[in-house]
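Q: Hi, I'm new to this one. Please show it to me and walk me through it.

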Amino acid sequence: MKHIYCAFLAGIMLIAGASCRSGGSTLPLPPPVQVARPPQQRTTALPQPPPPAPRVPIARPGPRSGPTWYPAKGPISPRWTTVVIHHSATERGSAAIFDRDHRGRGWEGLGYHFVIGNGHGSGDGQIEIGSRWHSQMHGAHCKTKDNYYNEHGIGICLVGDFTKSRPTPRQMDSLQQLVSFLTNRCNIRPDRVTTHSAVTGKTECPGKNFPLQTIRRTLLAGSRPS
């Protein structure tokens, strides 16, 4: 009997071992535990700062700031009370050409303070500055008995003959800018902007085709308060 019982136990152990090897009677594993994760928060993109503005160089005012029509040898004199406009009565010309001509007459160089070219001999609308303006010297352009308009008048000559034609648009634009600067800087009234013929009555200069009233009207419009 003892031998039969031992054989029975051995058989049971063999069956149990076979079941383990074949994976037949193993206990099922518990399901994995799902760990709850906190809901993801949406991140809002922060606005980006604007790029830095490019650096702009600042114009520093100096003793020579403003138009290039300031004299080279010092401040503008308080002597100027009027502007006298001329024409050259020639088809071509420049400050250098007129300077040679005036020296040939025994004058101290160019008699005008400014010359405005017409494209023949100098640039169309080019403003040339004479040595008299740089030195704030009296002019030699408008002879009268008391010589007032030479002593106190700023002489501007436009190249051309305005008994036959009109100033070019560029000449008129340059003249308007120059006269506006001079009248503002020297406190000259628009009615004190005149011509050679209006002062002396002995010449046609600057010709019947020169629009003096246009210059004066523009000056008046620019001086009115807005």
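A: One term to begin with: a residue is buried under 20% relative accessible area, exposed over 50% and partly exposed in between, using a 1.4 Å probe and protein chains only. Also, this is a predicted model, where local features need pLDDT of at least 70 and side-chain atom pairs count only at pLDDT 80 or more, while totals for chains, interfaces and linings use all residues. Residues are numbered from 1 along each chain as its sequence is written, and side-chain values use heavy atoms, with hydrogens and water left out.

Q: Okay! How many helices and strands does the protein chain have?

A: There are 7 helices and 5 strands. Both are DSSP runs numbered from the N terminus: helices are H or I with at least four residues, strands are E with at least two. Starting at the N terminus, the order is α-β-α-β-β-α-α-β-α-β-α-α.

Q: And how much of the protein chain is buried?

A: Of its 226 residues, 37% are buried.

Q: What do the strands form?

A: An open sheet with mixed pairing, in the order β3-β2-β4-β1-β5. Two strands count as paired if DSSP finds at least two bridges between them. At the edges sit β3 (127-129) and β5 (193-195), each pairing on one side only. On average, neighbouring strands are turned by 25 degrees against each other, direction ignored. For such angles, axes are lines fitted to C-alpha atoms (for helices, over the stretch in contact), and values run from 0 to 180 degrees between N-to-C directions.

Q: Which helix packs on the sheet?

A: Helix α5, residues 169-186, touches β1 (82-87), β2, β3, β4 and β5. The direction of α5 makes about 175 degrees with that of β4. Touching, or contact, means heavy atoms within 4.5 Å.

Q: Let's look at β4. Is it mostly covered or exposed?

A: Mostly covered: 6 of its 6 residues are buried. Gly-153, Gly-155 and Cys-157 point one way from β4, while Ile-154, Ile-156 and Leu-158 point the other way.

Q: How does β4 pair with β1?

A: In the parallel sense, over 6 bridges.

Q: Why does Ile-154 count as buried?

A: Because its relative accessibility is 0%. Leaving out residues up to four places away in sequence, Ile-154 touches a list of residues including Trp-80, Val-84, Phe-114, Trp-133, Leu-182 and Ile-188. His-113 is in that list too, and although Ile-154 and His-113 are 41 residues apart along the chain, their C-alpha atoms are separated by 6.2 Å.

Q: What share of contacts joins residues at least 24 apart?

A: 71%, among contacts between residues at least 6 apart in sequence.

Q: New topic: what is the volume of the largest pocket?

A: About 260 Å³. The search uses a 1 Å grid over the protein atoms alone: a cavity is a set of points where a 1.4 Å probe fits but cannot get out, a pocket is an open set with protein on both sides within 12 Å along at least five of seven lines, and lining residues have an atom within 4 Å of a point. Grid points are joined across faces, edges and corners, and the volume is the space filled by probe spheres set on the points.

Q: Which residues lie nearest its centre?

A: His-87, Ser-88, Arg-105, Tyr-112 and His-196, out of 18 lining residues. β1 and α2 (95-104) are the elements that give two or more residues to the lining, and α2 gives the largest share, 3 residues. By class, the lining has 6 nonpolar, 9 polar and 3 charged residues. Here Ala, Val, Leu, Ile, Met, Phe, Trp, Tyr, Cys and Pro are nonpolar, Asp, Glu, Lys and Arg are charged, and the others, Gly among them, are polar.
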